[in-house]
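Have the sequence and the 3D view ready.

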Amino acid sequence: MRCRIQLYCTVLFLLLCRFEARSLRRGRSHVCIVTCDFWGLPNAGGTATAYHLLASTLADAGPRVWPVTFLAATQQPLLCQRLQQNSLGSTFFECLQPEHFLPQVVDNFPYEALGVAVVRWLQTAGQKCEVVHTHEWGGGMQQLAAYISMQFVPAQRLVVEPHGGHYWSTQGLLHRPVDLFTLRIDDQERLTMHLADDVKSPSAYMLAHLRQRGWRLPPNSSVIPNIVPQAAQSSTVRQTREVWRLAFFGRLEERKGLKLFCEAIESLDTRYLPKLEVIFIGSEGQVNMVPSFKYVQERATSWPMPVTIYGGLSRAAAMKILKKGGYLLVFASLLENLPFALAEACIEQIPFITFNSGGVAELFDSKAHADVIVETVTAAALAERISAILHEGVLRTSVLHPNVKIGAALWREFHTGLDHSTRLRQTNILTPATRAVDVVQLSFDHSSNKLKRDMCNKHSDAAFLLVPPEYGLPSPFQVSKISFIAAQLTRLSTSRSLGAVVFGATLPNDMVSYPSSPTWVVYHGSEPRCVENTPLLILAELFCTHFQAEAGEFTVYQSWVLIHHLRMAGLITSTFPEPVFDLKNFTLTDSGCFADNFPAFRRLNNKYAANLIGSSEETLMTQHVAPLPRPVVSFRAQFDRFQGQHGWQYIAIDDTGSEILLQWTAAHGELTEDGRWTCSDSPHHAFIGQTAMHPCAMPNRQCCHGNTAAVGVRYTSNLWDMAASAELTYEVWPTCGDGLAVHWILTHENASTTLYSKNFQAAAEDPPHRESIEMTIAIFPGDTLLFLVSAGANHDCDGVYVQNIKLWHS
């Protein structure tokens with residue numbers, strides 16, 4: 001069914017009234033800072049520091065200030081409300097409310113529901129925002145970027161500060177992740193940057209890193225350093241300081257160089273360093289799956305010098321210790337953007353040395369500070385430099401680069417310029433145009449060639465809305481909104497290379513699901529049901545030019561194929577963050593309908609797959625990305641209905657410690673991936689499926705004939721490898737009972753070693769905990785690798801989602 005809908009400015013005016021278009025203002029623009037990282041979170045980081053300092057700089061800038069709203073984007077309202085009591089000077093501190101999370105969103109990646117909630121906040125309380133600052137990491141702010149780019153609020157402007165995305169932060173891992181969650185996060189981060197009006201990076205390094213990865217940045221992309229208090233008044237002269245002791249400063253984890261630092265200490269010749277002592281200042285992390293405080297304590301037992309660990313100190317308390325004198329601060333981080341800690345060391349005139357990682361060298365004149373930079377990122381190079389300095393007994397302090405000193409002034413200058421440009425944009429956007437929309441109700445097995453002939457054999461300046469048969473047609477009000485978006489497509493196709501917009505839908509269970517790259521599937525969420533096609537809006541010119549139906553590979557129209565054709569032409573696709581459609585029914589029931597599973601229903605034969613390959617350079621580069629070699633062991637891929645198949649056993653351990661082999665229970669459809677391993681007396685309490693492990697703790701011996709039953713999957717090795725790569729990825733969300741615990745245990749010749757162990761308390765307010773553990777292990781034929789999930793004293797409602805357990809040959 002096709003219908004042509006022509007909307008005029010009067011209808012658009014009524015639509016814009018809903019969004020409270022503002023009158024022109026002559027004062028400062030209202031600035032809103034939206035961040036998932038903020039002071040008060042237990043793991044608050046550099047992003048939190050950067051945004052809080054930006055807020056205070058703009059809101060307390062003397063007689064001419066900017067009104068600033070600071071939105072702490074979190075799903076923990078009680079935490080946010082406690083922080084709200086201590087707002088920052090003239091800053092308005094706001095929290096997301098429960099209604100912003102309704103209707104509930106299917107989370108296809110960790111921050112998706114949070115991002116949609118931010119858009120809902122922007123549509124109400126955020127109407128005042130004229131300039132919006134946010135970050136790219138996590139990908140959740142892509143919805144915010146997509147919404148602002150459509151200019152529902154005239155002249156609203158988005159500024160994104162890149163603080164290091166998901167892939168950037170995984171550079172220290174054994175394998176760069178290529179799971180669907182990671183790919184989805186990475187693409188949402190890219191889109192956030194691409195749809196922004198301005199990108200202001202703390203360092204030139206980060207802009208270069210993103211461009212090297214092919215991220216498209218807006219023309220207004222430049223460097224403005226993070227604000228550093230007291231930087232403008234800091235010393236311009238390097239001072240000579242005596243040094244005889246060492247301080248590791250930073251979170252105690254491998255990415256911050258903790259292992260390299262320890263290796264460097266152990267290679268020092270301390271016979272001629274009688275006054276040497278070592279301190280560690282930083283919050284606790286993990287190294288080799290061991291709590292880092294324990295890791296340092298155990299490793300330092302053989303060191304001849306005194307060792308002290310200071311954990312949980314405030315930044316002021318840490319600086320007080322380091323300013324006592326005699327300390328050489330060692331900054332061994334392997335990955336940095338523009339580290340605030342080093343800037344503080346420059347201001348406080350504490351001597352330091354650092355690896356030349358990331359944007360570190362932009363903090364000071366690198367040529368004039370060659371004596372503090374360790375160019376080679378190795379323990380040997382670090383030890384050599386430490387030894388030379390300690391034997392010399394002195395090192396000069398460092399001074400900040402002039403650009404870093406004027407960071408606050410640069411931000412004020414940038415916002416002054418925005419005030420002027422915002423007024424001009426408001427003048428130009430008072431009466432946006434509309435665009436006609438041809439709504440096309442597709443049929444099942446709709447011919448690609450016929451669709452293109454029907455739509456393109458006549459001249460049209462309309463936009464096409466292609467609606468798959470699983471979706472109902474939108475209401476007149478929603479069509480008016482789509483028409484407004486179609487008008488914006490004309491502008492965005494030129495300024496942002498936006499080729500199409502896809503839409504989410506309200507599901508039959510009243511939840512909302514949005515399609516996103518790389519699958520563009522609408523998922524049910526908790527059940528293996530989905531829809532492969534999604535409603536898509538595209539300009540007629542772009543559809544008729546770039547939809548390559550004549551290639552003949554895909555005779556039936558599929559939305560993901562059209563999106564692929566647009567991508568090959570250099571055009572992007574974005575998701576609109578409102579549920580414009582209602583989904584009538586799911587048409588696929590398959591294990592690939594889980595958001596983190598490969599969509600097996602889309603598997604292509606070699607001919608089709610080869611015909612979709614892009615450039616040879618990209619194909620070659622892809623082959624270098626680990627872990628493309630297939631793992632030799634994979635729990636998800638080798639899950640079976642027979643005990644011992646592929647080396648896997650499915651067990652329970654009762655409250656006496658006795659081991660029970662579980663029994664296979666087939667699903668109604670007889671598909672292996674839908675069946676489960678259970679105890680005969682408690683098939684719904686203690687079980688193992690391809691994606692879930694559910695322990696049991698209940699009274700009256702209801703758990704495998706006992707009161708408790710831990711469940712585990714055990715792999716018996718036929719490998720011989722001194723350095724195999726092992727990876728465990730799981731997710732847990734204990735909301736009831738007395739919590740649960742997970743354990744990963746390697747057994748060799750009857751001697752067991754716990755590789756990893758963690759306890760989780762039940763906490764309904766906490767978000768799901770997802771973790772990927774990687775390590776190198778020696779494994780031999782007959783060894784066993786057991787992943788065990790045990791329950792608290794009262795437990796029949798929570799389990800662990802197992803993304804995978806994998807092994808690769810060295």
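## Before we start

This is a predicted model, where local features need pLDDT of at least 70, side-chain atom pairs count only at pLDDT 80 or more, and totals for chains, interfaces and linings use all residues. Residues are numbered from 1 along each chain as its sequence is written, and side-chain values use heavy atoms, leaving out hydrogens and water.

## Two helices side by side

Helix H9 (residues 258–266) packs with helix H10 (residues 292–299) at an angle of about 10°, and their axes are 12 Å apart. The two are therefore roughly parallel to each other (angles under 35 degrees count as that). Helices here are DSSP runs of H or I with at least four residues, and strands are E runs of at least two, numbered from the N terminus.

Who touches whom? In H9, Leu258, Lys259, Cys262, Glu263 and Glu266 meet Ser292, Tyr295, Val296 and Arg299 in H10 (contact means heavy atoms within 4.5 Å).

Most residues other than glycine have a negative phi, and most peptide bonds are trans. Still, the bond from Leu102 to Pro103 is cis, with omega near -5°. Pro103 sits in the loop between strand S4 (92–95) and helix H4 (112–123).

Ser517 and Pro518 are also joined by a cis peptide bond, with omega about 5°. Look for Pro518 in the loop between strand S21 (512–513) and strand S22 (522–523).

## Positive phi

Cys704 isn't a glycine, yet has a positive phi of about 55°. Cys704 is in the loop between strand S34 (696–697) and strand S35 (708–716), and is buried, with a relative accessible area of 4% (buried means under 20%, using a 1.4 Å probe and protein chains only). His705, not a glycine either, has a positive phi of about 65°.

Notes
Axes are lines fitted to C-alpha atoms, for helices over the stretch in contact, and angles run from 0 to 180 degrees between N-to-C directions. Angles under 35 degrees count as roughly parallel, over 145 as roughly antiparallel, 65 to 115 as roughly perpendicular and the rest as oblique. Buried means under 20% relative accessible area, exposed over 50%, partly exposed in between (1.4 Å probe, protein chains only).
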